[in-house]
Amino acid sequence: MNTQDSKDSTGSVDVSKKIGQKKFQVGKGSETFARTVKALTEYVGQEYGHEMRLLISQGRETTYINPQLPEKATEEQKMMWNKDYYEYIKDRREYRKNKGRVFAIVLGLCDETMKNRIESLSQYDKMEKDLDVVDLLREIKSIAFESSEK
């Protein structure tokens with residue numbers, strides 16, 4: 001993460017300084033949703049990398065393949081496997097940590113009404129536990145457009 005970020009009194013990065021006053025709002029539909037997602041995509045891409053950018057822009061999760069140690073591995077192959085396995089664990093851990101940050105950022109971009117609606121959904125606890133950014137954005141979009149179409 002960029003160490004130049006402005007932090008508030010709790011030590012949290014003030015995302016609104018990075019993406020402006022864009023918010024996910026009930027009843028605003030396409031008026032604000034697309035602009036907020038675009039700004040969020042750019043911010044997340046700059047701060048957390050391409051994988052998080054794709055998570056927001058395309059709803060695409062990154063999967064990591066557990067490296068397999070050959071059955072009759074030589075010492076050199078074992079050393080390479082150890083290195084690959086370490087990288088695999090490190091990358092998965094970093095991805096999950098970044099997903100947690102992005103989940104919090106997305107939720108933080110909701111106005112109070114939207115946040116209350118999202119948190120009252122029956123599947124919210126599972127979304128939060130799984131850090132399911134894709135479902136969170138899907139539900140935000142649904143609520144924003146549902147209200148604006150009535």
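## Surface, fold and packing

Modeller: The model is a predicted one. The protein exposes about 9,600 Å², of which carbon and sulfur atoms supply 47%.

Biologist: What is the order of the elements from the N terminus on?

Modeller: The protein has seven helices and zero strands. From the N terminus on, the elements therefore run α-α-α-α-α-α-α.

Biologist: What share of the contacts with a separation of 6 or more comes from residues 24 or more positions apart?

Modeller: Buried residues make up 33% of the 150 residues. Among contacts in the protein with a separation of 6 or more, the share from residues 24 or more positions apart is 63%.

Biologist: Which element has the highest mean pLDDT?

Modeller: The protein averages a pLDDT of 85, and 84% of the residues score at least 70. Among the elements, helix 1 (residues 15-19) has the lowest mean, 69. The highest mean, 96, belongs to helix 6 (residues 124-130).

Biologist: Are helix 3 and helix 4 parallel or oblique to each other?

Modeller: Their axes are 10 Å apart, and the two helices pack at an angle of about 45°. Helix 3 contributes Glu-51, Met-52, Leu-55 and Ile-56 to the contact, and helix 4 contributes Tyr-95, Asn-98, Lys-99, Val-102 and Val-106. Helix 3 passes helix 4 in a right-handed crossing. Angles under 35 degrees count as roughly parallel and 65 to 115 as roughly perpendicular, so at about 45° helix 3 and helix 4 are oblique.

Biologist: Which residues of helix 3 are buried?

Modeller: Helix 3 spans residues 50-57, and Gly-59, which follows the helix, has a positive phi near 65°. The buried residues of helix 3 are Met-52, Leu-54, Leu-55 and Ile-56.

Biologist: Is Lys-99 buried or exposed?

Modeller: Lys-99 is found in helix 4 (residues 75-108). Not counting residues up to four places away in sequence, Lys-99 touches Met-52, Leu-55, Glu-61, Asp-130, Leu-131 and Val-133. The relative accessible area of Lys-99 is 9%, and under 20% means buried, so Lys-99 is buried.

Biologist: Where is Leu-131 found, and what is its phi?

Modeller: Leu-131 is found in the loop between helix 6 and helix 7 (133-148). With a relative accessible area of 14%, Leu-131 is buried. Most residues other than glycine have a negative phi. Phi of Leu-131 is positive, near 55°.

Biologist: What is the relative accessible area of Thr-36?

Modeller: Thr-36 has its place in helix 2 (residues 30-48). Not counting residues up to four places away in sequence, Thr-36 touches Lys-22, Lys-23, Phe-24 and Leu-109. Thr-36 is buried, with a relative accessible area of 1%.

Biologist: How is Gln-123 classed, buried, partly exposed or exposed?

Modeller: Gln-123 lies in the loop between helix 5 (112-119) and helix 6. The C-alpha atoms of Gln-123 and Leu-136, 13 residues apart along the chain, are separated by 9.8 Å. The relative accessible area of Gln-123 is 29%, between the cut-offs of 20% and 50%, so Gln-123 is partly exposed.

Conventions:
Residues numbered from 1 in each chain as written. Predicted model: local features only at pLDDT ≥ 70, side-chain atom pairs only at ≥ 80, totals over all residues. Heavy atoms only, no water. Helix = DSSP H or I, 4+ residues; strand = E, 2+ residues; numbered from the N terminus. Buried < 20%, exposed > 50% of the residue type's maximum accessible area, 1.4 Å probe, protein only. Contact = heavy atoms within 4.5 Å. Areas by Shrake-Rupley, 256 points an atom, 1.4 Å probe, with all protein chains shown as cover. pLDDT = per-residue confidence, 0-100. Axes fitted to C-alpha atoms, helices over the stretch in contact; angles between N-to-C directions. Parallel < 35°, antiparallel > 145°, perpendicular 65-115°, else oblique. Left-handed = near helix turned anticlockwise from the far one by under 90°.
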